[in-house]
Amino acid sequence: MTTTDFTTASVADGRALGLAHYAARGVLEHVLTRHGITFPQQIALRAAITVDAPQTPDDLVTQVRGSLKADPADIHATLDELLAKQLLVADGAHLRPTDAGRELIAAVGAETAPITARIWGGIPAEDLAASGRVLALVTERANAELAALTA
């Protein structure tokens, strides 16, 4: 199946969403591996960097769990790994990113930017807008279903 066949014959469903997610994640993980971090570490470090104020470990676990739906114990282990790599540092009861952590995220962003441009380039704005709306709705519904399953 050619790219054209795939895009014209494909229907948005869970399989299509999963294939797109894992294809994009595979690209990112390839870059992350060269920088010596894992996907969960990158998510946690990015969460620490993008907040306005230092976060407690529990605050970061809550943020990361919202993204990854991972077990809190696994996320705490990821934070410990980032501390050991000196990408995060304890500051009293809070964790904050180090300069090395900020530089790493910036380097990953710079390396992935041209790849991202190639992946997303040429997709009409109206298609991106429609896809964004659908993905937001799917995320909302899936989060509600997960909450019901884990209640």
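Visitor: Leaving aside neighbours within four places in sequence, which residues is Ala47 in contact with?
Guide: Bear in mind that this is a predicted model: local features need pLDDT of at least 70, side-chain atom pairs count only at pLDDT 80 or more, and totals for chains, interfaces and linings use all residues. Residues are numbered from 1 along each chain as its sequence is written, and side-chain values use heavy atoms, with hydrogens and water left out. Ala47 lies in helix α3; helices are DSSP runs of H or I with at least four residues, strands are E runs with at least two, and both are numbered from the N terminus. Contact means heavy atoms within 4.5 Å, and beyond those sequence neighbours Ala47 is in contact with Leu60, Gln63 and Val64.

Visitor: Is Ala47 buried or exposed?
Guide: We call a residue buried under 20% relative accessible area, exposed over 50% and partly exposed in between, using a 1.4 Å probe and protein chains only. Ala47 has a relative accessible area of 9%, so it is buried.

Visitor: How far apart are the end C-alpha atoms of α5?
Guide: The expected span is 1.5 Å times one less than the number of residues. For the 13 residues of α5 (residues 72-84) that gives 18 Å, and the model agrees: the end C-alpha atoms are 18 Å apart.

Visitor: Within what arc do the buried residues of α5 fall?
Guide: The buried ones are Ile75, Thr78, Leu79 and Leu82. Looking down the axis, and taking directions from the axis to the C-beta atoms, they line one face of α5 because they fall within an arc of 100°.

Visitor: At roughly what angle do the axes of α4 and α5 cross?
Guide: Axes are lines fitted to C-alpha atoms, for helices over the stretch in contact, with angles from 0 to 180 degrees between N-to-C directions. On α4 the contact is made by Pro57, Asp58, Leu60, Val61, Val64 and Arg65, and on α5 by Pro72, Ile75, His76 and Leu79. The two axes come within 9 Å and cross at roughly 120°.

Visitor: Which residues does Thr98 touch, not counting those up to four places away in sequence?
Guide: Thr98 lies in the loop between β2 and α6 (99-120). At 14% relative accessibility it counts as buried. With those sequence neighbours set aside, Thr98 touches Gln86, Leu87, Leu88 and Val89.
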